[in-house]
Amino acid sequence: MSTISRMQQELQLLEAHSNLRRLPEMTHSGRDVTVNGRRMLNLSSNDYLGLASDRKLREEFLRTLTPDTFLPTSSSSRLLTGNFTVYEELETELSHLFGTEAALIFNSGYHANTGILPAVSDTHTLILADKLVHASLIDGIRLSAAKCIRYRHNDLAQLERLLKEHHAAYRQIIIVTESIFSMDGDQADLQALAALKHRYGNVLLYVDEAHAFGVRGRHGLGCAEELGCIRDIDFLVGTFGKAAASVGAYIVCKRVIREYLVNRMRTLIFTTGLPPVNIAWTLFVVRRLADMQERREHLTHISRTLREILLAKGYACPSTSHIVPMIVGASADAVLHAEALQRHGFYALPVRPPTVPEGTSRIRFSLTAEIRKEEIEELGNKL
């Protein structure tokens with residue numbers, strides 16, 4: 001069988017199991033999207049604070065630009081000629097906000113997670129990763145030379161047994177987790193993980209705050225701020241492409257880790273830097289996150305409302321956050337539920353294998369602060 005024929009056969013098999021993906025054609029209008037001529041409330045966006053649809057915020061930022069500061073490309077790796085002053089301003093701002101020695105920014109969360117772990121690990125490293133960490137972390141682990149064991153999701157007892165069993169056999173162990181998990185919307189116990197880490201001299205903690213940055217904490221810095229354990233985390237990573245309505249990612253860390261990554265991290269060294277205008281927008285937003293507590297509180301309130309509705313209707317709902325899954329089961333059923341909701345004006349999407357395990361296909365509601373409580377209640381009536 002030729003390569004093309006094999007590809008065609010695999011695509012047909014995906015379609016037969018209701019798992020075939022296609023890029024949607026859509027237009028955006030504030031909180032809404034229009035797909036196939038139907039305008040719907042967007043319940044699948046990662047714009048958690050509603051900043052991407054905030055026209056006044058964009059207008060305010062545009063007034064800060066001049067032809068000299070509107071720089072649409074860096075034209076180079078940061079290690080060559082692409083290290084503009086605004087990069088360093090953002091990194092200084094982040095290290096100040098988090099109270100860490102240093103910060104480093106990357107082109108994306110994917111670049112961060114696929115680049116950091118291979119840079120800081122070797123054959124004498126063991127990675128203990130939560131079973132449900134994001135695909136970018138899994139790819140970073142695969143690219144590293146480390147041995148990896150995946151512990152059961154949020155199972156701290158198993159993690160503790162693994163640490164006891166293996167800590168003496170490796171030069172270093174890295175515990176890898178997300179703070180808010182992208183599919184179930186539940187949380188890791190960061191304080192308990194930090195306590196486990198401190199029992200051993202060779203254990204480091206890596207936390208991805210992609211879905212918490214901007215949303216949690218008094219200043220919007222994430223779950224680590226909310227729980228008071230920023231300094232307990234060696235690799236504290238987050239993204240700007242969600243609640244911060246921008247693009248790129250960051251790590252806040254010790255200065256020696258930053259310098260090591262600058263010298264060893266391939267996804268930083270061998271790529272053109274983000275356009276300086278994007279970095280300037282990110283800095284503009286980050287400086288305002290502390291003042292967005294009202295948006296965070298509203299998001300918390302409507303998220304709780306939707307979780308209560310789902311539980312009352314008999315759906316399993318593990319979420320403790322603004323990511324609220326309605327677990328259906330079969331992929332075909334999830335597709336049918338999504339289509340029905342879209343007919344009622346709610347753009348909600350099915351999530352199917354391999355993103356989630358077989359038998360746990362779901363509608364993944366990704367809520368934003370722009371959604372009103374009455375719209376959540378109307379959604380509940382349509383489920």
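H298 lies in helix α12, which covers residues 293-312. The model described here is predicted. With a relative accessible area of 28%, H298 is partly exposed, because this value falls between the 20% limit for buried and the 50% limit for exposed residues. The points below cover its surroundings, a second residue, a helix and a pocket.

**Surroundings of H298**
- H298 and E370 are separated by 72 residues in sequence, and their C-alpha atoms are 8.9 Å apart in space.
- Apart from its neighbours within four places in sequence, H298 is in contact with A369, I371, R372 and K373.

**S179**
- S179 belongs to the loop that runs between β7 (172-178) and α7 (190-197).
- The relative accessible area of S179 is 1%, so S179 counts as buried, the cut-off being under 20%.
- Beyond its neighbours within four places in sequence, S179 has contacts that include D186, Q187, A188 and L190.
- V207, D208, E209, A212 and C223 are also among the contacts of S179.

**Helix α1**
- Helix α1 takes in residues 3-16, and its 14 residues should span 20 Å at 1.5 Å a residue.
- The end C-alpha atoms of α1 are 20 Å apart, which agrees with that expectation.
- After α1 comes S18, which has a positive phi near 60 degrees.

**The second largest pocket**
- The second largest pocket has a volume of about 490 Å³.
- It is lined by 19 residues, of which L132, V133, P354, T355 and V356 are the closest to its centre.
- Helix α5 (residues 135-143) gives the most to this lining, with four residues.
- By class, the lining of the second largest pocket comprises nine nonpolar, four polar and six charged residues.

Notes
Residues are numbered from 1 along each chain as its sequence is written. This is a predicted model: local features need pLDDT of at least 70, side-chain atom pairs count only at pLDDT 80 or more; totals for chains, interfaces and linings use all residues. Side-chain values use heavy atoms; hydrogens and water are left out. Helices (H or I, at least four residues) and strands (E, at least two) are DSSP runs, numbered from the N terminus. Buried means under 20% relative accessible area, exposed over 50%, partly exposed in between (1.4 Å probe, protein chains only). Contact means heavy atoms within 4.5 Å. The expected span of a helix is 1.5 Å times one less than its number of residues. On a 1 Å grid over the protein atoms alone, a cavity is a set of points where a 1.4 Å probe fits but cannot get out, and a pocket is an open set with protein on both sides within 12 Å along at least five of seven lines; lining residues have an atom within 4 Å of a point. Grid points are joined across faces, edges and corners, and a volume is the space filled by probe spheres set on the points. Ala, Val, Leu, Ile, Met, Phe, Trp, Tyr, Cys and Pro count as nonpolar, Asp, Glu, Lys and Arg as charged, and the others, Gly among them, as polar.
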